[in-house]
Amino acid sequence: MLIDTHAHLQLSQFDNDRDDVIQRASAAGVEKIIVVSTDVVSSRQSLQLAEKFPGIYAAVGIHPCDCAAATDDDFARLAELAQHPKVVAIGEIGMDFYWKPFSAELQQRAFVRQLHLANELRRPVIIHNREAGAAILQTLQDAGIINLFGVFHCFSENTEYAQRVLALGGHISFTGNLTYKKSPLPAVAAQVPLERMLLETDAPFMAPAPQRGKRNEPALMVHLAEKLAEIKNIPLAEVARQTTANALALFGLAERI
Ligand SMILES: [Zn+2]
Ligand SMILES: [Zn+2]
């Protein structure tokens with residue numbers, strides 16, 4: 001069994017075959033999926049999926065690239081939605097300096113606000129970091145977080161950065177870019193203990209090799225698990241067992257239906 005800890009199944013890319021995609025995931029051994037959100041509307045949609053399918057859970061949150069449009073009212077709605085029993089994380093939240101027009105200050109404010117919400121509700125956070133690694137660590141430090149209950153998703157920093165996340169107590173999640181030719185990430189993954197690792201597709205994005213460039217879906221996560229088994233030189237079953245145990249524990253999935 002595998003757990004896809006990060007997929008955007010509520011997006012329109014899945015409108016024509018969403019039920020089939022979920023069916024294929026379970027046929028491929030991906031029995032649980034966390035549907036991650038980027039604003040209030042997508043958070044509601046994640047929850048609708050979580051209510052409909054037993055193996056689906058929701059993360060609710062406002063993505064850094066969506067925070068400029070977020071009102072106080074949206075943060076209040078988010079806090080309400082986060083009370084739902086199938087909400088297993090606050091995410092995705094964080095900072096993104098790749099898409100330039102977004103103000104760093106606004107992003108930081110939204111990030112801190114949601115870090116506090118997660119803390120109040122004792123939910124883990126799913127952190128999005130794109131070219132904002134230093135600012136994120138600084139923000140966590142300024143917010144007084146010395147023990148990070150959460151995961152850096154779609155990890156694409158170097159080994160030194162990974163060590164800093166691990167020292168903070170955080171988890172590290174790899175996606176399809178781990179499988180890309182010439183990716184520097186296998187060397188990073190080799191240094192991260194399996195006990196602190198999660199796997200995710202980030203579907204519909206980041207399809208792993210050999211499907212790179214196509215629409216990604218949770219069933220394809222096996223390529224990622226195989227790559228990690230090769231990097232760690234351990235059996236695929238061991239990768240599946242440990243990353244599943246990590247996801248169950250971090251997101252408290254075992255206590256939920
Ligand atoms: Zn992200
Ligand atoms: Zn995402």
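Arg196 counts as partly exposed, because 18 other C-beta atoms lie within 10 Å. The model is a predicted one. Arg196 sits in the loop that runs between helix H7 (185-191) and strand S8 (197-199). Residues up to four places away in sequence aside, Arg196 touches Leu166, His171 and Ile172. The C-alpha atoms of Arg196 and Ile33 are separated by 18 Å. Along the chain, these two are 163 residues apart.

Ala143 is placed between helix H5 (133-142) and strand S6 (150-152), in a loop. Ala143 has 15 C-beta neighbours inside 10 Å, so it counts as partly exposed. Ala143 is in contact with Val112 and Leu115, when neighbours within four places in sequence are left aside. From Ala143 to Arg113, the C-alpha to C-alpha separation is 9.7 Å, across 30 residues of sequence.

The chain as a whole comes next. The protein chain holds 9 helices and 8 strands. Its C-alpha atoms fill a box of roughly 45 × 40 × 35 Å along the principal axes. The radius of gyration is 17 Å. A compact globule of 257 residues would have a value near 18 Å, so the chain agrees with that expectation. Of the 257 residues, 49% count as buried.

Helix H2 (residues 40-52) packs with helix H3 (residues 72-81) at an angle of about 15 degrees. Their axes are 10 Å apart. Angles under 35 degrees count as roughly parallel, so H2 is roughly parallel to H3. The crossing of H2 past H3 is left-handed. On the H2 side, the contact is made by Val40, Ser43, Arg44 and Leu47. H3 contributes Asp74, Arg77, Leu78 and Leu81. By class, this contact has 4 nonpolar, 1 polar and 3 charged residues.

Helix H8 (residues 221-232) and helix H9 (residues 236-250) cross at roughly 110 degrees. Their axes come within 8 Å. The range from 65 to 115 degrees counts as roughly perpendicular, which means that H8 is roughly perpendicular to H9. Ala225, Glu226, Leu228, Ala229 and Lys232 in H8 meet Leu236, Val239 and Ala240 in H9. This contact has 6 nonpolar and 2 charged residues, with no polar ones.

Backbone geometry was considered last. Most residues other than glycine have a negative phi, and most peptide bonds are trans. Several sites depart from this pattern. Gly91 and Glu92 are joined by a cis peptide bond, with omega about 10 degrees. Glu92 belongs to strand S4 (residues 87-96). Another cis peptide bond joins Ala209 and Pro210, and omega there is about 5 degrees. Pro210 is in the loop between S8 and H8.

Asp202 also lies in the loop between S8 and H8. Its phi is positive, near 60 degrees, although the residue is not glycine. Asp202 is buried, because 22 other C-beta atoms lie within 10 Å. Arg122 has a positive phi as well, near 55 degrees. The place of Arg122 is the loop between helix H4 (104-121) and strand S5 (125-130). Arg122 has 8 other C-beta atoms within 10 Å, so it is exposed.

Technical notes
Residues numbered from 1 in each chain as written. Chains lettered and ligands numbered in written order. Predicted model: local features only at pLDDT ≥ 70, side-chain atom pairs only at ≥ 80, totals over all residues. Axes fitted to C-alpha atoms, helices over the stretch in contact; angles between N-to-C directions. Helix = DSSP H or I, 4+ residues; strand = E, 2+ residues; numbered from the N terminus. Parallel < 35°, antiparallel > 145°, perpendicular 65-115°, else oblique. Left-handed = near helix turned anticlockwise from the far one by under 90°. Contact = placed C-beta atoms within 7 Å. Nonpolar A, V, L, I, M, F, W, Y, C, P; charged D, E, K, R; others polar. Rg over C-alpha atoms; globule rule 2.2 N^0.38 Å. Buried ≥ 20, exposed ≤ 12 C-beta atoms within 10 Å, placed from the backbone.
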